[in-house]
Amino acid sequence: MGKIIIAREGVVEQEVALSKERMTIGRRSHNDIVLSHPAVSGEHAVITTILDDSFLEDLHSTNGTFVNGQRIGKHFLQHGDTIKLAKYLIEYLADGVRPHTAISPDATVPLPQAGIPAGRVEVLNGANAGKQLALTKALTTLGRPTVQVVVISRGVDAYSIAQVEGDAPTLLNGALLGKQPVRLKNGDVIDLSGTQMAFKQD
């Protein structure tokens, strides 16, 4: 079962498992996923899931539905796709497809705000030591599904990190990271089950 992570202005607001075959997204309260912003249509879009495949369809919304920067009518969702609805950025996570390290290539979506210096994470230990991942997306996920997943959010004036899935503890500078977003500072060290990564910002 896939899931979506919904963020607004760099803050994760919802995490929704795609547990139904048809899940509607919109401003009105009868939708399965309610996004209460005036730029979101009453019935904006729908995600249809058949077995392991999910499809996003725009329901003739006023302001459109965008995937990876392109306006869509209907789109076959792939792991890591970034959906934009009004002020909301939504990342689609396919179950069991996530790369096990942060250094796998990933499509990036340029962000409208460029007010903060670009950030990146650098792997500090293990076989991938020295490799870097640029944090160019609004939401970047690291970890393994069901075991340990963290999200790094790029906001208007800062990056933040929170653990959104799994019981395996994540450490930030040696302290336990929870589900509440924590602002990242240059040089912070993230520990994902022994894999250490440093957050860096130019």
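Predicted model: local features only at pLDDT ≥ 70, side-chain atom pairs only at ≥ 80, totals over all residues.
Residues are numbered from 1 along each chain as its sequence is written, and side-chain values use heavy atoms, with hydrogens and water left out.

**Overall fold**
- The protein has 21 strands and zero helices, where strands (E, at least two residues) and helices (H or I, at least four) are DSSP runs numbered from the N terminus.
- Of its 202 residues, 47% count as buried, a term that means under 20% relative accessible area, against over 50% for exposed and in between for partly exposed (1.4 Å probe, protein chains only).
- Among contacts (heavy atoms within 4.5 Å) between residues at least 6 apart in sequence, 40% join residues at least 24 apart.

**Ser-160**
- Ser-160 lies in strand S16, which covers residues 159-165, and is buried, with a relative accessible area of 13%.
- Leaving aside residues up to four places away in sequence, Ser-160 touches Gly-10, Val-151, Ile-152, Ser-153, Pro-181, Val-182, Arg-183 and Leu-184.

**Thr-82**
- Thr-82 belongs to strand S10, residues 82-85, and counts as buried at 9% relative accessibility.
- Although Thr-82 and Ile-4 are 78 residues apart along the chain, their C-alpha atoms are separated by 9.5 Å.
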